[in-house]
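Here are a few exercises to work through with the model open in your viewer. Try each task before you read its solution.

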Amino acid sequence: MSFPLPLAVSNHAAPPIFAELVIILLAASVVAILLQRLKFATIPAYLICGTIIGPGAIGLVRDPERVRQVADVALILLLFGVGLHLDLHALSLGVRKTLAVAAGAFAICVLLLWPLGMLLGISAPAALTAAMAVSMSSTAVVLRVLQQRHELGHPDGRLSVAILIVQDLLAIVVMMILSPIARWESGATSTGAKAATGGATSAAPAVSAPPQSDLTILQDLLLQGGIALAGVALLFLLGRFVVPRILNEAAKLKSLEVITVVSAATALGAAVLTQFVGLNPALGAFLAGFLLAATPFRHHLGGQVSAFRDVFAAVFFTAMGMSLSPVAFFKNLPMVIGVTLVILVIKTLVIGICCWLGGSTPRVSMRVGVALAQAGEFSVVIVAAASTQAMGLLDERVVALLLAAIIVSLMATPGLIHLAGSFAKKFPSKPLVPWASAPVPHRGHGPAHVELKGHAIIAGFGLVGRVVADKLKSMGVEVTIVEMNPGTIEKQTRLGRSIIFGDIANPDVLESAGVTDANALILTIPDEETVLGACRVAKGMNPDIQIVARTSYMSKGITAATLGATGVVVEEMATAEAMEKTVAKVLEIYAREHPSA
């Protein structure tokens with residue numbers, strides 16, 4: 001019996017897309033390494049890389065449309081990962097003030113940037129779209145910079161995270177209203193064309209469809225909106241009640257690979273569903289990640305998805321950078337710099353003033369305004385969606401200008417945050433408005449966590465973990481537990497313990513547990529390979545952390561010590577000592593009861 005080989009294998013030739021993906025990933029890696037040495041973030045590095053290897057420069061990739069489908073899938077998984085890392089616990093305290101600050105700042109930025117966009121000669125609908133796009137900030141870049149500076153737990157870091165969450169949720173609204181804005185643009189264009197011809201009609205019979213009345217357009221929009229809302233509601237129900245049950249069953253079977261597969265299927269399925277109801281598929285993936293972020297599996301899933309997310313981020317942003325021509329960039333450099341400065345200045349002032357009016361100190365307000373002044377990944381997504389043939393909102397000239405401004409603003413972000421930190425001491429540290437206190441979010445279990453004194457992480461909550469946790473609690477040490485049993489997590493969460501689901505050797509799980517600020521990591525799980533992996537990863541993330549590890553054999557204990565464990569409990573040694581004491585005690589009792597023996 002013979003089996004037919006795939007065409008690419010039987011002909012010993014890979015499809016062109018494979019070669020172009022290899023070029024994209026290799027080039028993105030080299031450019032990202034070079035620019036990171038100069039303290040640039042990875043996302044602007046990928047955009048620059050796409051500009052260099054695209055058809056507008058050296059032309060290593062001559063047909064960007066060939067990688068467009070792969071880039072679309074990359075965007076879906078990228079935004080799924082972004083949604084997965086959002087945590088509504090960050091809004092649990094001062095939620096009304098935080099929402100007011102974030103939504104108010106976004107609205108004011110749009111209202112200020114909208115007329116400025118029209119001054120560039122683009123229509124009102126296109127200018128509105130561009131203003132909404134650049135009013136978004138970069139969740140990925142800001143979180144990465146704040147993590148590297150260990151400032152996520154600071155007041156300005158926590159407030160920045162809370163505002164970013166609200167902005168990402170507002171991006172859903174923006175994506176949903178792009179279609180009505182496109183209708184507005186097409187209506188304005190038709191009206192303008194009719195006015196240009198003086199309203200004259202051709203003698204030839206009309207071949208186009210008759211113009212729709214305002215009532216018909218309104219009915220179509222309401223119908224489309226109803227279908228879209230129904231699709232989002234269905235996605236919410238599935239993500240809230242069905243998918244978590246499947247993940248819970250997989251967790252009970254300790255099948256981590258199934259959890260990862262289910263999450264990927266959820267992302268792609270949500271993308272298909274939202275596309276079916278007329279919304280952008282990337283929006284569905286983001287919503288799916290956001291819904292799963294409310295489950296106990298978010299930390300483990302975040303760690304599993306992060307590697308794929310980083311790869312797909314490289315593909316997507318590199319592909320987007322290919323639409324930018326270096327010749328056009330430098331030819332229009334004064335315009336690009338001017339637009340970028342306008343965006344940075346307006347957003348810094350508006351966000352900073354809104355934070356101050358919300359009750360934050362001038363020092364915190366200034367740092368938050370500077371940190372969120374750039375455009376972000378959702379800016380790129382909105383620009384890409386608005387420039388499609390179906391939307392027709394942004395032409396190539398505007399897209400090139402916006403992408404260039406986004407790239408420059410992202411490149412400037414790490415340096416601006418550093419400068420803001422240097423100048424922060426010159427600003428007052430007490431609030432100047434009498435009516436509100438700063439909307440500082442709750443620590444929760446997300447990436448934004450409070451720096452704690454006497455904070456320990458315990459991996460595993462079996463008998464050993466429980467004893468250690470109770471002892472530490474009696475000593476006044478705050479404990480975060482990392483556990484793989486969903487039943488234990490559900491029960492201990494009800495009892496008020498800080499406990500998360502995940503693999504303790506996963507960097508994202510360790511970061512969510514607060515390893516960068518923790519004093520101790522106690523590894524009580526019986527899986528020695530996981531213990532050794534956790535020692536290596538935790539020591540790399542926090543060289544000062546004290547690690548106590550449990551191993552079964554002396555050889556593994558020695559390995560754990562070489563990987564950074566401060567103390568090691570070896571089960572065979574502990575068993576030997578316990579056996580020695582028990583045997584001696586039993587023989588002593590026997591000797592007393594049988595003196596003549």
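**Exercise 1. Work out how helix 16 and helix 17 are oriented relative to each other.**

Keep in mind that this is a predicted model. The end result is that helix 16 and helix 17 are roughly antiparallel to each other. Let's see how to get there.

Step 1: A pair of packed helices is described by the angle between the axes and the distance between them.

Step 2: get the values. Helix 16 covers residues 377-386, and its packing angle with helix 17 is about 175°, with the axes 11 Å apart.

Step 3: apply the cut-off. Angles over 145 degrees count as roughly antiparallel, and therefore helix 16 and helix 17 get that label.

Step 4: look at who touches whom. Helix 16 brings S379, V380 and V383, which meet V399, L402, L403 and I406 of helix 17. By class, the residues of this contact are six nonpolar, one polar and no charged.

**Exercise 2. Find the strand order of the open six-stranded sheet, then say which strands stand at its edges.**

Step 1: read across the sheet. The order is 3-2-1-4-5-6, and the pairing is parallel.

Step 2: go to the ends of that order. Strand 3 (498-501) and strand 6 (567-570) are the edge strands; each has a single partner strand, so one side of each has no neighbour in the sheet.

Step 3: Ignoring direction, neighbouring strands here are turned by 15° against each other on average.

Step 4: Strand 5 (residues 546-551) pairs with strand 6 in the parallel sense over four bridges. For R550, the bridge partner in strand 6 is V569.

Step 5: see what packs on the sheet. Helix 19 (residues 486-494) does, touching strand 2 (478-483) and strand 3, and its direction makes about 155° with that of strand 3.

**Exercise 3. Describe the second largest cavity: its volume, its lining and the elements that supply the lining.**

Step 1: count first. There are two cavities of 30 Å³ or more.

Step 2: take the volume. The second largest cavity holds about 60 Å³ of space.

Step 3: list the lining. L146, E151, D156, S160, R367, V368, V370, A371, I417 and A420 line this cavity.

Step 4: assign elements. Helix 8 (155-196), helix 15 (362-371) and helix 17 (396-423) each give two or more residues. Helix 15 has the largest share, with four residues.

Step 5: sort by class. The lining residues come out as six nonpolar, one polar and three charged.

Terms used:
Residues are numbered from 1 along each chain as its sequence is written. This is a predicted model: local features need pLDDT of at least 70, side-chain atom pairs count only at pLDDT 80 or more; totals for chains, interfaces and linings use all residues. Side-chain values use heavy atoms; hydrogens and water are left out. On a 1 Å grid over the protein atoms alone, a cavity is a set of points where a 1.4 Å probe fits but cannot get out, and a pocket is an open set with protein on both sides within 12 Å along at least five of seven lines; lining residues have an atom within 4 Å of a point. Grid points are joined across faces, edges and corners, and a volume is the space filled by probe spheres set on the points. Ala, Val, Leu, Ile, Met, Phe, Trp, Tyr, Cys and Pro count as nonpolar, Asp, Glu, Lys and Arg as charged, and the others, Gly among them, as polar. Axes are lines fitted to C-alpha atoms, for helices over the stretch in contact, and angles run from 0 to 180 degrees between N-to-C directions. Angles under 35 degrees count as roughly parallel, over 145 as roughly antiparallel, 65 to 115 as roughly perpendicular and the rest as oblique. Contact means heavy atoms within 4.5 Å. Two strands pair if DSSP finds at least two bridges between them.
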